[in-house]
Amino acid sequence: MFLQQLVNGLTLGSLYAVLAIGLTLVFGVLNIINMAHGGIFMIGAFVGLFMVTVFEVNIFVAILVAMVVGAILGYLLEFVALRPLRKKNVSHLAPLISTIGVSIFIESVALLVWGPQTRSFPPDFIGGLIDFGMFKISMVQIIGLGVSIVLMLILNVLIKKTKIGKAIRAVSLSTETASLLGINPTLVISVTVMLASALGSAAGVLVGLSFDAVEPMMGVVIGFKGLAVLILGGLGNITGAMVGGFILGVSEVFSVAYGASSYRDAVAFGLIILLLFWRPQGLFGSKDKGGRP
Amino acid sequence: MSEILNPYYLQIVMFFIINAIMGISIFFTLSTGQLTLGAAGFMSVGAYVGALLTLKAELPIPIAIFIGGIVAALVAVVIGLPTTRLKGLYLAIATLGFGEVVRVIFLNLEVTNGALGLSGIPAIAQELTNYVYEFDMDGLLDIDALTWGNLLTIIILLVILALVILFCLRIHNSRVGRAFQAIKADDHAAELMGINVVYYKMLAFVIGAFIAGIGGGLYAHITNFINPTDFSYHKVVQILLFPVFGGSNVVWGSVLGSFILTLLPEVLRFLADYRDIIYGALLVILMAVRPDGILTEDLMDKIYRKLGVKKKAYIPETQVLTERFEAYKAQSKSGQE
């Protein structure tokens, strides 16, 4: 029982982690919370679903296509809602509202096009359970856990080893200094938002697959969890987002398994309120950068 | 006359006033540079406490609403102790989390009737209509008793809104208001100037919560029905948009923002399904064009000048000190002679 719940928690947590990494990447570079992340996440889920049902492709191809669509949406988001604001000296509220506007826009378009009903993946897609004796794990869970871990590994290499990754880190430390050193901040910011949106999109497909439910409002609830993970791990910290995602996933599953199932959605925020008593900058956040708007 | 005063229009006006009050509650904490997203949480505390007091304890409505506000303020004191020490987005998310926790608690409590919510809350308009009958005002000025009830409700709401606005305007140039501005500009510098930053942040947080609690109480006693979903994430965003859309640096911004954003969905009603799409696009465009909201301090100065309202001459502190010093010197000199 315990091991089973742990496995369930870890698979859920890996999805939260991928989602939150997208948020934390954007925060690291732009110092804003991207409220449209949930919207792109939802679009990703729909793209994945249609790839699977209409074009009948492999789930991995579907995730890849969803990521490409997510990246394109990310570029549009940056171009329409964030770039115009960067040129002026604006308060940190403006981009927040602007991305909220985008999320309302995306959600209402989706509602108009696809209707409010919940759609599910074809039944043969869910696959069977694999019994390990101590615990059972479904195909869906394996795909979710596997893809998330692979994505996180790729991202880690991308951020740590490649040129663009170094540029992203440089811009997140200081945009001005980075541009003095010959880095084009506009390009780096575009790439970061695209990368983040691609990850959000992939998380959308995986979450849609594991809950077997895709609907236009799914981004709101899950997007919320992403915010919780973001704070839990420390703003702008990728390792924090990964660990935070797993912590949230596991604690949510355990709270459902051992009692308070109706309080499930409060667990995330109860957890961060408690954590902030102890570490106001999040688990992995650094003190000097943390919390600055 | 009766066409203009139909219940639908009157209801929109009532919602506009409540929204304005909620907007000001956010504006108030924003004026210390704190972005809190707990307004919906405090609103729901005020609404539930007020509604339960009138439903179960049968207290008079004004007292119940006032107690609701007080309880919201008390909750804010408890929540504020850890959270007002947080900065920027940490504070925003922590307060957002508070709202979410409150919502889930109300969803699960027995006394709040869970997801079904509370219904049959006594309405202010209904009570006032009874008074109208009592004082025989039915048909006065060709307005029937029900409309009179609604009109009187609006007048009472307007008085409350006016009081809240007056409070904000008066506090702006007081010692407290100056402290708020200093903290908003730079809290480290404010601390070095000897301002107790935590105290003033807490003050703004608690007063904001009190206003939100009152707003919630009024909301409950106007809609007659509340359930936890009324105070979800969407409400938070909606409330936050009022001051930011209208202008987050001046109190009139919240009023203008709530006026436009309450009216807009009703005006756009003919667009039906496309309404939210336009709403979202409008937010993006507005932020690109006027990132500080419609009303800014500069614009307000211009408007004041046009209206011929004289702003109080601002005397720099240094000038005041020099004058005092000169006076003191003159005094001590005359004493010596």
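Biologist: Leaving aside its neighbours within four places in sequence, which residues is Ala202(A) in contact with, and what makes two residues count as being in contact?

Modeller: Two residues are in contact if their C-beta atoms, placed from the backbone, lie within 7 Å. Beyond its neighbours within four places in sequence, Ala202(A) is in contact with Val18(A), Gly44(A), Ile63(A), Ala66(A), Met67(A), Val147(A) and Leu151(A). Please keep in mind that this is a predicted model, in which local features need pLDDT of at least 70 and side-chain atom pairs count only at pLDDT 80 or more, whereas totals for chains, interfaces and linings use all residues. Residues are numbered from 1 along each chain as its sequence is written, while chains are lettered from A and ligands numbered from 1 in the order in which they are written.

Biologist: What makes a set of residues a nonpolar core, and which residues touch the most other members of the largest one?

Modeller: A nonpolar core is a set of buried Ala, Val, Leu, Ile, Met, Phe, Trp, Tyr and Cys residues joined through C-beta atoms within 7 Å. A residue is called buried if 20 or more other C-beta atoms lie within 10 Å of its own, exposed if 12 or fewer do, and partly exposed in between, with the C-beta atoms placed from the backbone. The largest such core has 199 residues, of which Ile21(A) and Ala202(A) touch the most other members. Helix α8(A) gives the most to this core, with 15 residues; helices (H or I, at least four residues) and strands (E, at least two) are DSSP runs, numbered from the N terminus. In soluble globular proteins, nonpolar side chains tend to be buried together.

Biologist: Why is Ile33(A) called buried, and where is its place in chain A?

Modeller: Ile33(A) has 26 other C-beta atoms within 10 Å, and it is therefore buried. Its place is in the loop between α1 (2–30) and α2 (37–53) of chain A. Not counting residues up to four places away in sequence, Ile33(A) touches Leu23(A), Phe27(A), Leu96(A) and, from the other chain, Leu89(B). Ile33(A) and Pro95(A) are 62 residues apart in sequence but 8.1 Å apart in space, taken from C-alpha to C-alpha.

Biologist: Why does Asn31(A) count as partly exposed?

Modeller: Asn31(A), which also lies in the loop between α1 and α2 of chain A, has 18 C-beta neighbours inside 10 Å, so it counts as partly exposed. Its phi is positive, about 60°, although Asn31(A) is not a glycine.

Biologist: Why does Asn224(B) count as partly exposed?

Modeller: Asn224(B) has 16 C-beta neighbours inside 10 Å and is therefore partly exposed. This residue, in the loop between α9 (197–223) and β2 (225–226) of chain B, is not a glycine and has a positive phi near 65°.

Biologist: How do you know on which side of α6(A) its buried residues lie?

Modeller: The buried residues of α6 (residues 163–173) of chain A are Ala167(A), Ile168(A), Val171(A) and Ser172(A). They cover an arc of only 135° around the axis, the arc being that of the directions from the helix axis to the C-beta atoms, so they lie on the same side of α6(A). The face turned away from that buried side carries the exposed residues Lys163(A) and Leu173(A), and what covers the buried residues includes α1, α5 (139–161), α7 (175–180) and α8 (185–211) of chain A.

Biologist: How do you know whether the radius of gyration of chain A agrees with that of a compact globule?

Modeller: The globule rule is 2.2 Å times the number of residues to the power 0.38, and the radius of gyration is taken over C-alpha atoms. With 293 residues, a compact globule would have a value near 19 Å, and chain A has 19 Å, so the two agree. Chain A has eleven helices and two strands, and buried residues make up 55% of its 293 residues.

Biologist: How many residues of chain A are in contact with chain B, and how do they divide into nonpolar, polar and charged?

Modeller: 40 residues of chain A are in contact with 33 residues of chain B. The largest share of the side of chain A that touches chain B, twelve residues, comes from α4(A). Ala, Val, Leu, Ile, Met, Phe, Trp, Tyr, Cys and Pro count as nonpolar, Asp, Glu, Lys and Arg as charged, and the others, Gly among them, as polar, and the residues of that side divide into 30 nonpolar, seven polar and three charged.
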